[in-house]
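Below is a short note for a colleague who has not looked at this structure before.

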Amino acid sequence: MMRHQLSILLIFFIAGCLPATAQENLSFVSGTIRDANGNPVKGVTVFADHRQEHAVVTDENGHYKLTLPPGAWKIIFRHVGYAGQSKNIHLEESEEKKQDIIFDTDIKQLEEVAVVGKSALKQVKELAYNVDVVNAKSLHNTTLDLAGTLDRISGIRVRSAGGLGSNTSFSMNGFTGNQVKFFIDGVPMDVFGSTFQINNIPVNIADRIELYKGVAPVSLGADALGGVVNIITTQNKGSWLDASYSYGSFNTHKTYINAGYTGNNGFTASVNLFQNYSDNDYWVDARILNLQTSMYEPGTARVRRFHDAYHNETIIAKAGVVNKSYADQLLLGLNTGNERSQDQAGTQMQFVYGQRHRKANTVTPFLVYSKKNLFIKGLDIRLTANYNFGYSRFIDTAKVRYNWLGQSAPKLSPGEFRYSSAKYYNNDANITFNADYKLSDRHSFSLSNILSLFNRKGKDPFNYSEESHMIGAPKKNTKNITGLAYRFAYNDSWNTSMFIKNYVQTNKGPFNTSTGANPRTYEMRQHSYSLIGYGVASTYFLKKFQFKASYEKTYRLPSTTEIFGDESFNAGNVNLRPESSNNYNLNIIYDASVNSDNQMEVSIGGLFRRTKDYIIRTVGGTAQAPATFANQGLVHNKGINAEVKYFYKKLLNAGVSFTFQDLRFKNKYEPGDSGDKVSLYYNTRVPNTPYVFGNGYITCTFRNVPGKNTLSVGYNTLYVHKFPLYTYVSNARDFAVIPSQFTHSVTVTYSITSAGISLSAEGWNITDEKVYDDFSLQKPGRSFSFKIRYVLPGKTIKNKSHV
């Protein structure tokens with residue numbers, strides 16, 4: 001097997017390095033692109049009209065070099081947020097012509113509501129990785145959080161257990177939860193704790209969101225099977241203020257403030273604050289428990305959730321210097337937050353609670369340092385360090401039980417789910433180091449290392465619960481991932497990246513050995529792993545087509561929640577093994593634009609994953625049974641994604657996407673079986689996982705309404721086909737199938753440009769469809785919200801992503 005995989009790797013590399021045709025007597029046009037203030041502009045797409053295969057993208061210094069045959073050309077320069085430009089030039093044979101450009105900011109373009117790929121509509125993905133980019137700035141006038149933003153992307157499903165602040169599960173190309181890794185400015189989000197996650201962070205915090213579907217750059221240092229999401233934030237120059245408030249259904253309030261200052265001397269200081277609150281008292285259909293007979297009434301009743309309020313507050317403050325001789329960026333900061341959440345239901349809808357709740361807070365000091373051309377030209381480094389002092393408490397002490405009508409009855413033992421009054425202290429540390437060296441235009445190298453440490457301590461003052469004897473046991477996890485990559489760029493049309501990674505993990509925690517004769521006992525267990533992964537990614541441009549292919553042998557190390565649980569609805573499993581997977585990806589992107597007014601992109605991608613020791617989360621069948629994690633042997637995933645995007649001038653933006661993913665258990669025989677009995681799981685779908693879904697959107701933006709103001713009207717729809725809730729399922733058993741869902745949402749935004757004020761109204765699930773998600777938990781029905789936003793403009797300086 002190893003020999004076969006290495007052969008595939010070698011074939012990819014050789015193919016990526018071979019030139020397609022001889023390149024003789026070519027000419028060149030090069031230059032630097034700057035903004036109106038003289039700053040270099042990175043990421044500008046430069047291409048010759050009708051010859052997108054010759055496109056290039058400006059580097060960090062705003063430099064570009066375009067290779068073309070001799071002749072007359074119209075060179076086009078484009079970048080989101082700037083007015084596009086074009087220049088007519090004539091190139092003699094072997095001539096190199098210089099053409100510098102000054103860009104002016106295009107405010108109208110910044111206001112466009114669009115979710116676009118990095119190469120969409122004449123912007124070229126210069127990387128070999130399958131990467132999409134969400135232009136988050138275009139969604140800053142909405143009430144979306146990061147989870148809601150990502151749920152609009154092809155191949156992505158964001159599933160939640162309820163309303164605002166509920167547990168969220170992210171799926172990319174069929175891989176879910178911890179199989180997809182999240183970063184913010186290249187730092188793993190795990191270190192920030194539950195108060196700073198995609199289900200409570202407003203989209204306003206992001207400049208853009210990069211989604212690597214499958215193979216990701218080693219600079220992100222991820223142990224991911226399904227892909228990586230990197231959230232890129234912004235900082236500004238001068239004095240700035242971005243403030244917004246929204247109010248919506250279910251008494252939902254959201255506030256966001258971003259303010260700061262960056263001086264000409266390089267000193268910078270900023271603060272981000274956001275707050276979320278909701279009663280989450282939406283209507284659901286539930287079975288009613290008769291508290292006198294302990295039997296469920298026939299059928300279901302429509303009732304309001306009555307114990308599901310959520311609120312959180314987060315402050316991110318940082319100060320330091322930028323653009324110094326010794327540092328491009330040197331920042332010290334503090335991320336602090338708290339949250340409180342009532343628990344209305346457990347892992348399944350029939351189990352309802354009326355007093356159980358949880359609370360948490362985090363304090364995370366951090367350091368960021370980056371410098372380009374350190375010691376020698378072409379050597380760029382970035383270092384980040386974070387330490388999280390986390391605290392959480394789950395309070396479940398009531399001697400009562402509830403039903404969905406809000407009625408209660410006394411019970412003898414305390415605890416609605418399982419008794420808990422314990423306090424938990426989670427300490428997370430993370431150090432990330434990246435070094436990139438560009439030897440020449442063709443050859444570059446990347447080195448990365450991410451060290452993560454976790455330590456949980458707990459105590460229960462009453463020591464009452466069934467597993468309280470393990471609360472004080474040490475729970476420690478150490479993880480280190482080192483990656484080395486080489487990139488070969490033959491020309492503007494063809495480049496290939498190869499990489500190798502080393503995954504190291506050691507975890508130590510308690511294993512419950514309690515029995516009826518010997519209760520409240522456990523033994524400490526420790527497991528260590530050292531694994532090697534590798535891969536290759538290549539891309540090639542041919543006229544209006546772009547082809548991408550990649551392969552990787554990768555590992556996903558169990559998360560701390562999977563190993564140790566969350567001391568609430570999820571029980572840990574200290575014996576979990578890392579997942580391993582062979583991943584194959586192929587993508588084709590076609591620029592179907594007719595002219596500059598009618599721009600269209602069509603993309604289609606296929607994938608295959610062969611995953612061993614697949615980790616699956618299952619729920620128990622009783623009110624007191626938590627969800628558990630276990631390795632489920634071999635799983636195959638075959639999938640296809642298709643997407644079409646269309647722009648008409650600056651008036652209309654539309655798109656539609658479709659995803660099919662087929663995840664099936666492939667262990668033919670039960671473990672330990674002699675081989676004559678086929679497993680009941682064999683070739684069955686992985687449960688509780690959507691396998692057919694798609695979405696569509698259309699936005700019309702009207703300019704000068706009146707004066708220089710704008711009016712945007714948008715529509716979004718999402719379809720999810722029915723899928724099995726459990727492994728053993730018959731389509732005739734409707735209760736074991738999550739039904740198909742078709743939802744519709746609308747957004748209207750009016751922007752008063754001269755005053756920096758935007759007013760937005762949104763309607764979600766306007767047809768009031770019954771929407772279910774993780775393990776058949778019902779989500780909110782029809783809801784509405786209103787948002788007002790004020791922006792005191794500052795000059796935006798994009799963070800220098802190290803990817």
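**Notes on the structure**

1. Arg208 and Asp207 are joined by a salt bridge between their side chains, at 3.6 Å from N to O. Both residues, Arg208 and Asp207, are buried. Keep in mind here and below that this is a predicted model.

2. The structure has 26 salt bridges in total. Some of them share partners, and in this way Glu339, Asp343, Arg356, Arg358 and Asp396 are linked into one network. As background, side chains of opposite charge can pair when their charged atoms come close.

3. Another pair to look at is Lys181 with Asp223, a salt bridge whose closest N and O atoms are 3.9 Å apart. Lys181 belongs to strand 14, while Asp223 sits in the loop between strand 16 and strand 17, so the bridge ties together parts that are 42 residues apart in sequence. Lys181 is buried at a relative accessible area of 7%, and Asp223 is buried at 2%.

4. Lys98 and Asp100 also form a salt bridge, with 3.6 Å between the closest N and O atoms. Here Lys98 is exposed, its relative accessible area being 58%. Asp100 has 41% relative accessibility and therefore counts as partly exposed.

5. On the chain as a whole: the secondary structure consists of four helices and 49 strands. The chain has 803 residues, of which 56% are buried. Of the contacts between residues at least 6 apart in sequence, 66% join residues at least 24 apart.

6. The largest nonpolar core has 35 residues, and the members that touch the most others are Leu150, Phe170, Phe196, Ile209 and Val229. Elements giving two or more residues to this core include helix 3 (146-150), strand 12 (168-172), strand 16 (206-213) and strand 17 (227-248). In general, nonpolar side chains in soluble globular proteins tend to be buried together.

7. What does Val229 contact, beyond its neighbours within four places in sequence? Its partners include Leu150, Phe170, Met172, Phe182 and Ile209, and also Lys181 and Glu210.

8. Asp662, in strand 41 (residues 652-665), is buried with a relative accessible area of 12%. Its side chain makes a polar contact of 2.7 Å with the side chain of Arg685. Apart from neighbours within four places in sequence, Asp662 is in contact with His636, Asn637, Lys638 and Arg685.

9. Asn716 is part of strand 43 (residues 710-720). Is Asn716 buried or exposed? Asn716 has a relative accessible area of 13%, which means that it is buried, the cut-off being under 20%. Residues up to four places away in sequence aside, Asn716 touches Arg152, Asn695, Gly696, Tyr697, Thr743, His744 and Ser745.

10. On the surface, a nonpolar patch is formed by Leu383, Ile431, Phe433, Leu447, Leu484, Ile500 and Ile532, which together have about 560 Å² of accessible area. One of these residues, Leu484, is located in strand 32 (residues 475-491). Leu484 counts as partly exposed because its relative accessibility is 45%.

Note on methods: Residues are numbered from 1 along each chain as its sequence is written. This is a predicted model: local features need pLDDT of at least 70, side-chain atom pairs count only at pLDDT 80 or more; totals for chains, interfaces and linings use all residues. Side-chain values use heavy atoms; hydrogens and water are left out. Patches are made of residues with over 30% relative accessible area and no salt bridge: like charges are joined within 9 Å, nonpolar side chains (Val, Leu, Ile, Met, Phe, Trp, Tyr) within 5 Å. Accessible areas come from the Shrake-Rupley method with a 1.4 Å probe; for residues, only the protein chains shown count as cover. A salt bridge is a side-chain nitrogen of Lys or Arg within 4 Å of a carboxyl oxygen of Asp or Glu. Buried means under 20% relative accessible area, exposed over 50%, partly exposed in between (1.4 Å probe, protein chains only). Contact means heavy atoms within 4.5 Å. A nonpolar core is a set of buried Ala, Val, Leu, Ile, Met, Phe, Trp, Tyr and Cys residues joined through side-chain atoms within 4.5 Å. A polar contact is a pair of N or O atoms within 3.5 Å; within protein, one must be able to donate a hydrogen and the other to accept it, and residues adjacent in sequence count only if both atoms are side-chain atoms.
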